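Here are a few notes to read alongside the model. Have a look at the fold first, then at the rings.

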Amino acid sequence: MKILFVCTGNTCRSPMAEGLFRQLLQRRGLEGTAASAGLSAIEGQPASENALLACREVGVDLSAHRARRLTSQDMVQWDLFFPMTQTHAYILEQAGVPAARIYVPEPVADPFGGDLAVYRQCRDQLSRQLAVFLDQALLPAWEGDR
């Protein structure tokens, strides 16, 4: 299964989700492909400093991340989209992604500009949401493919 995490700038939430999800898959011995993109990303921007720090605290390295903007090719390349808010999901639908391929978690507030504590809260919320996503949305689909 190929999952694309989507936020606005691709420097905070979606790269954090991508890294945390890869770690979750590894810990559970599962295989999958994960990436991230932003609806309004400035190409090549690194992950924000506090995103790097918050994720490093739990063993996730975002230092190689570079922001990228969502493209029309992404609409067909990815099996499932994980947007950070209902607004991101709406934009994906308007761009042609079928609603059945969009998993909308509880809204994840943008930590951009916040201090490290705000990024830790975002990281922890993402971790909880990703575990629910894996257990309730992905594992049943993977098991059905076997």
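What pattern does the chain follow, read along the sequence?

1. The pattern is β-α-β-α-α-β-α-α, with 5 helices and 3 strands in the chain. Helices (H or I, at least four residues) and strands (E, at least two) are DSSP runs, numbered from the N terminus.

2. A word on the source: this is a predicted model, where local features need pLDDT of at least 70, side-chain atom pairs count only at pLDDT 80 or more, and totals for chains, interfaces and linings use all residues. Residues are numbered from 1 along each chain as its sequence is written, and side-chain values use heavy atoms, leaving out hydrogens and water.

3. Now the rings: the whole structure holds 6 aromatic pairs. In one of them, F5 and F82 have ring centres 5.1 Å apart and planes at 55 degrees, so this pair is tilted. (Rings of Phe, Tyr and Trp, the last by its six-membered ring, pair if their centres lie within 6.5 Å; planes under 30 degrees apart count as stacked, over 60 as edge-to-face and the rest as tilted.)

4. That pair links distant parts of the chain, 77 residues apart: F5 sits in strand β1 (residues 2-7) and F82 in strand β3 (residues 80-83). Both F5 and F82 are buried, meaning under 20% relative accessible area with a 1.4 Å probe, protein chains only.

5. F5 and F82 also belong to one aromatic cluster with F21, Y103 and F133.

6. Across the chain, buried residues make up 47% of the 146. The C-alpha trace spans about 40 × 35 × 25 Å along its principal axes.

How values were computed:
Buried < 20%, exposed > 50% of the residue type's maximum accessible area, 1.4 Å probe, protein only.
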